[in-house]
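Q: I'm new to this one and would like to go through it slowly. Could you take my questions as they come?
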Amino acid sequence: MEDWKKVLARSITKPKDLAKQLGVDEKEIADIVGPYPMRITPTVLATIKEKGDAIWKQVVPESIELDDIDAQDDPLEEDTDSPVPHLVHRYPDRVLLMVTNQCPIYCRFCTRKRLVGKPGFLKKGELDQAVAYLREHTEVRDVILSGGDPLLLPDHLIERILKALRSIPHLELIRFGTRVPGTLPERITPELCEIVKQYHPIYMNLHFNHPDELTPEVKEACGRLADAGIPLGAQTVLLKGVNDDPDIMKRLMHQLLLARIKPYYLYMADLTKGTNHFRTTVETGLRIIQALQGHTSGMAVPHFVIDAPGGGGKIPLLPNEYLLNLDDEGAVLKNFENKTYHYPQPSTTDKKELPMVNTSASRDMCSAGAMDDH
Ligand SMILES: *Cc1c(COP(=O)(O)O)cnc(C)c1O
Ligand code: SF4
């Protein structure tokens with residue numbers, strides 16, 4: 001197999017080459033790739049079937065990216081939650097470690113559009129600093145390697161990072177967030193798998209947005225990771241004109257399961273500057289979850305979340321219709337076929353010990369008095 005670095009080097013990064021391949025306006029592209037770089041790997045280029053299709057929209061720059069002047073560079077305020085360089089510590093027991101700014105492709109909707117494509121990866125001194133922080137923070141049991149894309153680092157740097165992290169006794173999980181298997185499958189070499197499996201438990205969450213991304217080569221690459229004992233999850237961003245449709249989403253989830261990947265998160269698009277033309281309504285996401293839940297394998301249903309603007313973290317959403325009412329008597333539920341069911345509360349329960357639950361449905365339907373005991 002051709003060396004993955006050579007394959008990556010054959011990617012399209014110059015407006016001139018994109019114009020030649022896809023017939024776009026070179027000058028227009030040139031204006032955009034100054035602030036927001038472009039890279040399209042051979043695998044991704046080969047998957048584009050026509051102008052403006054779901055793959056094209058994810059990777060081909062559009063002038064509209066430059067019109068988004070009011071939006072913020074860092075809507076999730078990750079920079080504010082960074083105690084040492086490249087580390088984001090927002091949740092009690094887990095952190096993100098950004099190990100490189102490089103990605104196999106530069107997704108036009110990227111939340112970290114402010115960072116990706118700029119030169120640089122985690123330097124030795126910075127890794128030492130991150131490890132020192134983690135060693136001190138014994139509450140952290142889960143590190144997510146992110147970026148950019150950690151699998152674009154050469155093998156020896158991946159090994160250096162894994163080895164350093166595994167020297168921290170209280171650290172339990174190491175996860176990779178990566179788009180490499182779906183865009184540069186050649187990178188998933190037997191050597192890489194051999195390295196990674198020395199440091200289990202390692203999990204990987206792979207980024208996929210459209211069923212056409214699961215080509216036979218991509219599925220084989222995922223299979224190599226799964227054979228190395230790495231549980232695979234998928235993260236998907238809900239994107240206008242790409243996958244904002246229940247049928248496309250169902251096909252994607254089925255393709256993921258066929259590739260031995262368990263759908264993990266479906267994200268609402270963030271408010272990042274230069275990406276707002278990809279946003280859909282929240283209802284679009286809720287309708288997609290409704291179209292999946294009960295209608296197909298429960299394994300195929302991801303958690304639908306909004307990463308709250310301002311650094312609130314991921315907040316899960318479910319269609320309101322499932323829980324019509326909840327009170328001391330029981331829950332009134334609606335199933336996927338719109339049929340209503342009643343689940344009674346256990347009669348022996350000491351009602352005072354019931355956890356505080358406050359659904360919008362119960363607010364609407366209960367008398368004000370019923371809510372007073374909280
Ligand atoms: C998403 C994210 C995590 C991981 O969240 P999980 O729900 O555990 O997958 C950790 N830290 C930050 C800052 C994140 O954005
Ligand atoms: S691979 Fe991930 S980090 Fe890189 S550009 Fe795409 S969404 Fe952003």
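Q: What share of the residues in the chain is buried?
A: In this predicted model, buried residues account for 49% of the 374 residues in the chain.

Q: And how does the radius of gyration sit with what a compact globule would have?
A: The chain has a radius of gyration of 22 Å, and this agrees with the value near 21 Å that a compact globule of 374 residues would have. Along its principal axes, the C-alpha trace spans about 70 × 50 × 40 Å.

Q: What about the accessible surface, how much of that belongs to carbon and sulfur atoms?
A: The accessible surface of the chain comes to about 18,000 Å², and carbon and sulfur atoms hold 53% of it.

Q: How many helices and strands are there?
A: The secondary structure comes to 13 helices and 12 strands. As for how the chain is held in contact with itself, among contacts with a separation of 6 or more, 74% are between residues 24 or more positions apart.

Q: Which domains does the domain assignment give?
A: The assignment gives domain 1 (4-66), domain 2 (79-316) and domain 3 (320-367). The centres of domain 2 and domain 3, taken over C-alpha atoms, are separated by 35 Å.

Q: Switching to charges, how far apart are the mean positions of the positive and negative ones?
A: The chain carries 45 positive and 54 negative charges, and their mean positions are 5 Å apart.

Q: Let's look at single residues. Is R179 buried or exposed?
A: R179 has a relative accessible area of 7%, and since buried means under 20%, R179 is therefore buried. In the secondary structure, R179 lies in the loop between strand 4 (173-178) and helix 8 (180-183).

Q: What does R179 touch there?
A: Leaving aside residues up to four places away in sequence, R179 touches Q58, P104, I105, C107, F109, D149, H207, N209 and E213.

Q: And L157, buried or exposed?
A: L157 counts as buried because its relative accessibility is 9%, and its place is in helix 7. The C-alpha atoms of L157 and K124 are 9.5 Å apart, while the two residues are 33 residues apart along the chain.

Q: What about Q290, where does that lie?
A: Q290 lies in helix 12, which covers residues 282-292, and it counts as partly exposed, with a relative accessibility of 28%. Beyond residues up to four places away in sequence, Q290 touches H295, P319, E321 and Y322.

Q: How far is Q290 from V88?
A: Their C-alpha atoms are separated by 33 Å, and along the chain Q290 and V88 are 202 residues apart.

Q: Now the backbone. Which peptide bond is cis at G148?
A: The peptide bond from G147 to G148 is cis, with omega near 10°, and G148 is found in the loop between strand 3 (142-146) and helix 7 (155-166). A cis peptide bond also joins H200 and P201, where omega is about 0°. P201 lies in the loop between helix 9 (190-196) and strand 5 (202-207).

Q: Why point those out?
A: They are pointed out because most peptide bonds are trans, and, on a related matter, most residues other than glycine have a negative phi.

Q: What is phi in R260, then?
A: R260 is not a glycine, yet it has a positive phi of about 70°. R260 lies in the loop between helix 11 (246-258) and strand 7 (262-267), and at 45% relative accessibility it counts as partly exposed.

Q: And what is phi of N338?
A: Phi of N338 is near 70°, which is a positive value in a residue other than glycine. The place of N338 is in the loop between strand 11 (330-334) and strand 12 (340-344), and N338 is exposed, with a relative accessible area of 57%.

Q: Last one: where is P309, and what does it touch?
A: P309 is in the loop between strand 8 (303-308) and strand 9 (313-316). Not counting residues up to four places away in sequence, P309 touches P75 and L271.

How values were computed:
Residues are numbered from 1 along each chain as its sequence is written. Chains are lettered from A and ligands numbered from 1 in the order in which they are written. This is a predicted model: local features need pLDDT of at least 70, side-chain atom pairs count only at pLDDT 80 or more; totals for chains, interfaces and linings use all residues. Side-chain values use heavy atoms; hydrogens and water are left out. Helices (H or I, at least four residues) and strands (E, at least two) are DSSP runs, numbered from the N terminus. The radius of gyration is taken over C-alpha atoms; the globule rule is 2.2 Å times the number of residues to the power 0.38. Buried means under 20% relative accessible area, exposed over 50%, partly exposed in between (1.4 Å probe, protein chains only). Contact means heavy atoms within 4.5 Å. Accessible areas come from the Shrake-Rupley method with a 1.4 Å probe; for residues, only the protein chains shown count as cover. Lys and Arg count as positive and Asp and Glu as negative; His and the chain ends are not counted. The place of a charge is taken as NZ of Lys, CZ of Arg, CG of Asp or CD of Glu. Domain bounds come from an automatic or database domain assignment.
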